[in-house]
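Me: I would like to go through a structure with you, one topic at a time. Please keep the answers plain.

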Amino acid sequence: MTKNKKTSNKIPVQKEKVLRCVKWLNISLGIGLIYALAMVFLISISIAAPEMRTPEFIHGIILFLWALAKIGFAFSLVCLYQTTGYIKWALAALLLAASAVLPYVLTNPDSVVFVIGIEALAVTGLSLSLFDLGRAANTEMGVPSGMIFLGVILQILQNELMSYIGIVFLAIGFYLSLRRLWLQPQAK
């Protein structure tokens, strides 16, 4: 009876189908890591030399990379939802897709708080989804998903130093997630 209870808490996983979803997730994690490292670099420059301005074109490219990563995350979570039927992944995918599109749709300065809130919910949903995926695949994803969650919390504070620490946590979380998910399919 104890054995049935343990297996009922697991997410149903079909390895062949999930591996293709994880490939998309890995690509998105790579794009997210590039975004986070670029932001670390830009924030480092703005802290070290406040008078130096980064061209808006560079900011636009970096924000486009982040939107692309969120669309990729959403696509991979929809793929995981289709293979498992786990509803949390579908909800996180909706939030990620919305957070990728909303900054381009809601350009009114009054809507910034709403866009930041959706962004925070979306990345938190991604963090929880990575944790659930690790649990389903018997991979330790607690630390990477925790780092991503802490990164989101620190970025919400809207302080330059806290944003810097938050984006560093986000980069570390993406790197650790990518490393663990990339090695997982090859190990088995």
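Predicted model: local features only at pLDDT ≥ 70, side-chain atom pairs only at ≥ 80, totals over all residues.

Me: How many helices and strands does the protein have?

Reply: The protein has seven helices and zero strands. Along the sequence the pattern reads α-α-α-α-α-α-α.

Me: And what percentage of the residues count as buried?

Reply: The figure is 42% of the 188 residues of the protein.

Me: Among contacts between residues at least 6 apart in sequence, what share joins residues at least 24 apart?

Reply: That share is 70% in this protein.

Me: Let us turn to helix packing. At what angle do the axes of α5 and α6 cross?

Reply: Helix α5 spans residues 112-136 and helix α6 spans residues 142-156; their axes cross at roughly 170° and come within 8 Å.

Me: Are they roughly parallel or roughly antiparallel, then?

Reply: An angle over 145 degrees counts as roughly antiparallel, so α5 and α6 are roughly antiparallel to each other.

Me: Which residues meet there?

Reply: On the α5 side the residues are A120, V123, T124, S127, L130 and F131, and they meet G142, S145, G146, I148, F149, V152 and I156 in α6. By class, this contact of α5 with α6 has eight nonpolar residues, five polar residues and no charged residues.

Me: Changing topic: how many aromatic pairs are there?

Reply: The count is five aromatic pairs. In one of them, W66 and F174 have ring centres 6.0 Å apart and planes at 45°, so the pair is tilted. W66 lies in helix α3 (residues 56-84) and F174 in helix α7 (residues 160-187), so this pair links distant parts of the chain, 108 residues apart.

Me: Why is that pair called tilted rather than stacked or edge-to-face?

Reply: Planes under 30 degrees apart count as stacked and planes over 60 as edge-to-face, with the rest tilted. The planes of W66 and F174 are at 45°, so the pair falls in the tilted class.

Me: Are W66 and F174 buried or exposed?

Reply: W66 counts as buried, at 4% relative accessibility. F174 also counts as buried, at 0% relative accessibility.

Me: What is the geometry of F73 with F174?

Reply: The ring centres of F73 and F174 are 5.8 Å apart and the planes are at 35°, so this pair is tilted. F73 lies in helix α3 and F174 in helix α7, so the pair ties together parts that are 101 residues apart in sequence. F73 counts as buried, with a relative accessibility of 0%.

Me: Which residues form the aromatic cluster?

Reply: One aromatic cluster is formed by Y35, W66, F73 and F174.

Me: Where is I34, and how far is it from W66?

Reply: I34 is in helix α2 (residues 15-48). The C-alpha atoms of I34 and W66 are 8.8 Å apart in space, and the two residues are 32 residues apart in sequence. I34 counts as exposed, at 51% relative accessibility.

Me: On to charges. How many salt bridges does a search of the whole structure find?

Reply: The search finds three salt bridges. In one of them, the side chains of E119 and K70 meet at 2.6 Å, N to O. E119 is in helix α5 and K70 in helix α3, and the pair links distant parts of the chain, 49 residues apart.

Me: Are E119 and K70 buried or exposed?

Reply: E119 and K70 are both buried.

Me: What does K88 form with D132?

Reply: K88 forms a salt bridge with D132, and the closest N and O atoms are 3.9 Å apart. This pair also links distant parts of the chain: K88 is in helix α4 (residues 87-105) and D132 in helix α5, 44 residues apart. K88 is partly exposed, with a relative accessible area of 48%, whereas D132 counts as buried at 5% relative accessibility.

Me: And R135 with D132?

Reply: R135 forms a salt bridge with D132, with the closest N and O atoms 3.6 Å apart. Both residues lie in helix α5, three residues apart, which is about one turn of the helix. R135 counts as partly exposed, at 40% relative accessibility.

Key:
Residues numbered from 1 in each chain as written. Heavy atoms only, no water. Axes fitted to C-alpha atoms, helices over the stretch in contact; angles between N-to-C directions. Helix = DSSP H or I, 4+ residues; strand = E, 2+ residues; numbered from the N terminus. Parallel < 35°, antiparallel > 145°, perpendicular 65-115°, else oblique. Contact = heavy atoms within 4.5 Å. Nonpolar A, V, L, I, M, F, W, Y, C, P; charged D, E, K, R; others polar. Phe/Tyr/Trp six-rings, centres within 6.5 Å; stacked < 30°, edge-to-face > 60°. Buried < 20%, exposed > 50% of the residue type's maximum accessible area, 1.4 Å probe, protein only. Salt bridge = Lys/Arg side-chain N within 4 Å of Asp/Glu carboxyl O.
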